[in-house]
Amino acid sequence: MKKEKTQNKNISVRGAFRIVLTGFVVMLLVAVFCAVYFSAKMEQVSETDSGTYEIYARHYVFITDDAEKEFWNEVYAAAVEEGEKENVYVERLGENLNVNYQTEDLLRIANHSSVDGIIFCGEGNEETVRLIGEAVQNGTGVVSLRQDIEDSERQCFVGVNSYDLGLEYGKQILELAKLEEMRNPRICILADDTMGESKQNLITFAIRDSFSDAAQGEENLPDIEIRKIDTSDAFSAEEAIRDIFIDSQNLPDIMVCLNSVYTQCTYQAAVDYNRVGDIKILGYYTTDAILEAVEKQIIYSTVQVDTGEMGSQCIKALTEYNESGYTSSYVPISTKIIGAKEAEELRRKGEAEQDGS
């Protein structure tokens, strides 16, 4: 009896040993298989990644505020395209970050990052001037974009000449004054609160000069008011512009908008307050919504800025400075007046391109 129990016990031990051994072998095989599979995948990923890395000759950063996204998207796209030709990586600093940094903060980050060039559009305050000076002292080229940073050490300003812009608006105001038989038209120019006094004065002088050149006489010179608008966000701009329409006793005859945000807020307020036709609107830039408003004559005309030229000229100026140590201090950007006919043509062209794609 004892012998049978001993045999049974030995059989149980051997069975358990076989199970453990089999389990160990299976685990070892699985481990080997996983190791081989993981190694193969890593090699595959490594081969794939090796084809995505590119080495650029220089690194430029593009810094703007969050307003006028469509406008800046076009400028940045053109800068990237030109950068690829020059073997330059153009980074849009501050994009896709959880924190909404001010342009001064982004400029400070660029200085600490030792980039090869900075394209900057922001407020020309003392801190900005100081940071631009710091970048230049460290050998970094700086291009101020659209709005010049006065008294700074920037190498180049790329933008529309303020006097020429004023002349363009002046021609449109003259057309409206004749068309509507206006005497001493009241003009309200919507400008952001960071605009320098010199730019304001140049635009105002150019509008007045347009009337003088047309021999309108002193009695027909326009009454021009520059209304500063808070640039912190689109909602503050919308509120400030609506306040103008609410004050029905002091409505201007013509409103001149110096950026795309003010243009869209102004024509929307004209529609909401039933003032279409009562106030003539001169806009800036050519979004689909603005072109539609021009075509419907809610906006009399708008200024089209060559965003492609603006973006590419920034890269060319920085590259020239890096290669030769100098560049042009000012690069003008061309503009064009878009009326109802031109707006219709541009909209049809845009729709045709979308259908084709």
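User: In which helix is the place of Thr319?

Analyst: Thr319 is located in helix 10 (residues 307-324); helices here are DSSP runs of H or I with at least four residues, strands are runs of E with at least two, and numbering starts from the N terminus. The model is predicted: local features need pLDDT of at least 70, side-chain atom pairs count only at pLDDT 80 or more, and totals for chains, interfaces and linings use all residues. Residues are numbered from 1 along each chain as its sequence is written, and side-chain values use heavy atoms, with hydrogens and water left out.

User: Why does Thr319 count as buried?

Analyst: The relative accessibility of Thr319 is 4%. Buried means under 20% relative accessible area, exposed means over 50%, and partly exposed lies in between (1.4 Å probe, protein chains only). Thr319 therefore counts as buried.

User: What makes the pairing of the side chains of Thr319 and Tyr60 a polar contact?

Analyst: The side chains of Thr319 and Tyr60 are joined at 3.3 Å. A polar contact is a pair of N or O atoms within 3.5 Å; within protein, one must be able to donate a hydrogen and the other to accept it, and residues adjacent in sequence count only if both atoms are side-chain atoms. The pair of Thr319 and Tyr60 is accordingly a polar contact. When neighbours within four places in sequence are left aside, Thr319 is in contact (heavy atoms within 4.5 Å) with Arg58, Tyr60, Glu86 and Val88.

User: What makes helix 2 oblique to helix 10?

Analyst: Helix 2 (residues 69-85) packs against helix 10 at about 45°, and the axes are 7 Å apart. Axes are lines fitted to C-alpha atoms, for helices over the stretch in contact, and angles run from 0 to 180 degrees between N-to-C directions. Angles under 35 degrees count as roughly parallel, over 145 as roughly antiparallel, 65 to 115 as roughly perpendicular, and the rest as oblique. The angle therefore makes helix 2 oblique to helix 10.

User: Which residues of helix 2 and helix 10 meet?

Analyst: From helix 2, Phe71, Glu74, Val75, Ala78, Ala79, Glu82 and Gly83 take part, and they meet Thr307, Gly308, Met310, Gly311, Ser312, Ile315 and Lys316 of helix 10. These residues divide into six nonpolar, five polar and three charged; Ala, Val, Leu, Ile, Met, Phe, Trp, Tyr, Cys and Pro count as nonpolar, Asp, Glu, Lys and Arg as charged, and the others, Gly among them, as polar.

User: What is the handedness of the crossing of helix 8 and helix 9, and why is helix 8 called oblique to helix 9?

Analyst: The axes of helix 8 (residues 260-272) and helix 9 (residues 288-295) come within 10 Å and cross at roughly 50°. That angle makes helix 8 oblique to helix 9. The crossing of helix 8 and helix 9 is left-handed: the term applies if the near helix is turned anticlockwise from the far one by less than a right angle, and right-handed if clockwise. Helix 8 contributes Ser260, Thr263, Gln264 and Tyr267 to the contact, and helix 9 contributes Ala289, Ile290 and Ala293. By class, four residues are nonpolar, three are polar and none is charged.

User: What makes helix 5 oblique to helix 6?

Analyst: Helix 5 and helix 6 (residues 197-213) pack at about 40°, with axes 7 Å apart. This value makes helix 5 oblique to helix 6. The crossing of helix 5 and helix 6 is right-handed. Residues in the contact include Leu165, Gly166 and Gly170 of helix 5 and Leu202, Ala206 and Asp209 of helix 6. The contact of helix 5 with helix 6 has 12 nonpolar, four polar and three charged residues.

User: Why does Asn274 count as exposed?

Analyst: Asn274 has 67% relative accessibility and therefore counts as exposed. Asn274 lies in the loop between helix 8 and strand 9 (280-284), and it has a positive phi of about 55° although it is not a glycine.

User: Why does Ser152 count as buried?

Analyst: At 16% relative accessibility, Ser152 counts as buried. Ser152 is in the loop between strand 4 (141-145) and strand 5 (156-159). A polar atom of the Ser152 side chain lies 2.8 Å from the backbone oxygen of Ile149.

User: Why is Arg130 called partly exposed?

Analyst: Arg130 has a relative accessible area of 42%, and is therefore partly exposed. Arg130 belongs to helix 4 (residues 126-137).
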